[in-house]
Amino acid sequence: MATTQTGGCQCAKTAATTPTYPQQVTGMDILVRALKNVGIDTMYGLVGIPVTELAYIAQQRGIRFVGFRHEQQAGMAAATHGYLTGKPGVLLTVSSLGFMNGLTATANATVNCYPMIQISGSSVREPIDLDQGNYEALDQFNVAKGLAKAAYRVNRPQDIPTAVVRAYRAAISGRPGGVYLDVTETCLGAIMDGADADKLFFDAVDLCPAMPPATEAVTRAADMLAAAKRPAIIIGKGAAFARVEEQLKKLVDTTGIPYLPMSMGKGVLPDNGPLSALSCRSTIMQQADVVILAGARLNWLLSRGHGKWSPDTKFIQLDIEPTEIDCNRPIAAPVIGDLASSLDALIAAMSSRKMSMDQSWVPSLQAETKDKNSKFAARLADNAAAQPMNHWTALGAIKPIMAANPDVILVNEGANTLDDTRDTLDMTLPRHRVDCATWAIMGMGMGSAIGAAVATGKSVVAIEGDSAFGFSGMDFSTICRYGLPVTVVIFNNGGIYNGIGVNPAGTSDPAPTTLDIHARYDKLGEAFGATTYYVTTPADLSNALTEAIASRKPSLIDVQLGADSGKESGHIGFLNPAALEKFTV
Ligand code: ADP
Ligand code: MG
């Protein structure tokens, strides 16, 4: 049996042959079997001491291993896998820095309620605990504790099956999140008698239990909804994750209540449906008297329930997490439970009640939608031929192509690239938009695109700001290595926000926001064998994207924008400290 410190994997050379000790198994064998037992079929990661052989064993036993260039991206892939499939995605990392790189994604998964499990090998415990300077020594378990939804350390191979089930349950049950599972090098390499190991495994019953709400909570919510004059539903990514599109459709169809999707809630119900109030966010905040929050939080993305919101709006919050309630604003009717059960119960309760909606509410929202949509179309038309292209020119070219390919999953990050793409591209299917989400982070693009393609087998288009792409660009090579149907579209305006920042010191150094307006990102794609395009006109962009999506091959489109396209911090510049304004361009 290979030891864990060799750095090279013997399993690779003996892949299909009989193990050296047929009656004996290692911690790694037990771990792979435990993962398969709970239905894990894919693992994202980056190997090295002490987990190289673990990845080989997983691959040998039928778990697909997707190897990355940076652990953070492998983690973003695992989180996206979890979000899109409803089963925890798995990330495998090495000790110390690899663990910490991956932990960024695990923390992000926790904030966004994505179910994932980061499994990391860790250095031998005893010298760590005595601070004796062992190889890659770090008390990973305690570092992870504060950032993950839950953290476990497993020191003995006998405990591995229990540890895996606990990690799985913690990741998926209640509010989903990122779970850390620390497996010590000693535990990975420990040898056990195979027959003894057999006895450790069990079939975990009901790994993701339904959690129906209390009847009184549903009655309270239904009474409030039936009495509402100007109700609305806000659809969050919790609803996308919970796969409740059928229930939401039924609720909307039977009550006639308009809906407003959050960014990743777009497409749960069609953005362009007759009751979509996508363009009426401010009106809903100011005028709605009862708002149902369906898997959406009153966090900063909804002004934490303050700002433009009317002080009179009452909320019905459907959520699985009881501590979410009242965290920013008092909630009149909390309904705690899994969304599918809660919506089923609410629909049943509404069937014996009559709505008392103002007759003018929906028509007024529909009139506003029509007006806003025509203004938006005029904006795209005004910019259609701009040279060099700006964000609107490029998006005007992309919009009809994405509309013609509704089953393509859209990954989106950047500042202006994020905001303008979200506003321009309608989604018509659930779970087809993955973006920087609650933390509004940069650097999720390649990982999420890979996770989406691997988890679903669908084509993916990632629309990336040039700065955003830079965080994860090297993992474009992973897209190529695995031959994934991913098209990466880079909006190059030469900078963070834009490329016209001026160095106030007047030296030859670029401004802090300046990147590379003349960079040829297509050459980067070429290095790894992708089909690449460099486009400067909307017609060329249109042809390139059509061809790239149809090919289902790794593709990269470098879209040349003007350096002056885009503004400081996109739509959220107001979040900057006021003093920053004097430096903005
Ligand atoms: P958005 O950014 O779209 O508003 P958030 O991530 O802020 O979405 O909110 C998602 C909410 O959905 C969280 O409060 C989370 O607890 C909740 N949630 C996640 N899964 C479920 C589920 N299965 N049932 C009910 N609520 C859920
Ligand atoms: Mg940019």
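Predicted model: local features only at pLDDT ≥ 70, side-chain atom pairs only at ≥ 80, totals over all residues.
A salt bridge here is a side-chain nitrogen of Lys or Arg within 4 Å of a carboxyl oxygen of Asp or Glu.

**First stop: Asp139 and Arg125.** Select both side chains and you will find them meeting in a salt bridge, at 3.7 Å from N to O. Asp139 sits in the loop between helix 6 (125-129) and helix 7 (140-145), while Arg125 belongs to helix 6, 14 residues away. Colour them by accessibility: Arg125 is buried at 11%, whereas Asp139 is partly exposed at 25%.

**Next: Arg230 and Asp358.** This salt bridge spans 3.8 Å from N to O. Arg230 is in the loop between helix 11 (215-226) and strand 9 (231-235), and Asp358 is in the loop between helix 15 (339-350) and helix 16 (361-382), so the pair ties together parts 128 residues apart in sequence. Arg230 is partly exposed, with a relative accessible area of 27%; Asp358 is partly exposed too, at 30%.

**Then go to the core.** The largest nonpolar core has 143 residues, and Leu181, Ile233, Leu248 and Ile316 have the most contacts inside it. Helix 8 (residues 160-172) contributes the most, with 9 residues. Centre on Ile233 and show its contacts, including Leu248, Leu251, Tyr259 and Ile292.

**Last stop.** Apart from this core lies another, of 25 residues; select Ala397, Ile401, Met427 and Leu561 to see some of its members.

Key
Residues numbered from 1 in each chain as written. Chains lettered and ligands numbered in written order. Heavy atoms only, no water. Core = buried A, V, L, I, M, F, W, Y, C linked by side-chain atoms within 4.5 Å. Buried < 20%, exposed > 50% of the residue type's maximum accessible area, 1.4 Å probe, protein only. Helix = DSSP H or I, 4+ residues; strand = E, 2+ residues; numbered from the N terminus. Contact = heavy atoms within 4.5 Å. Lists of a residue's contacts leave out its neighbours within four places in sequence.
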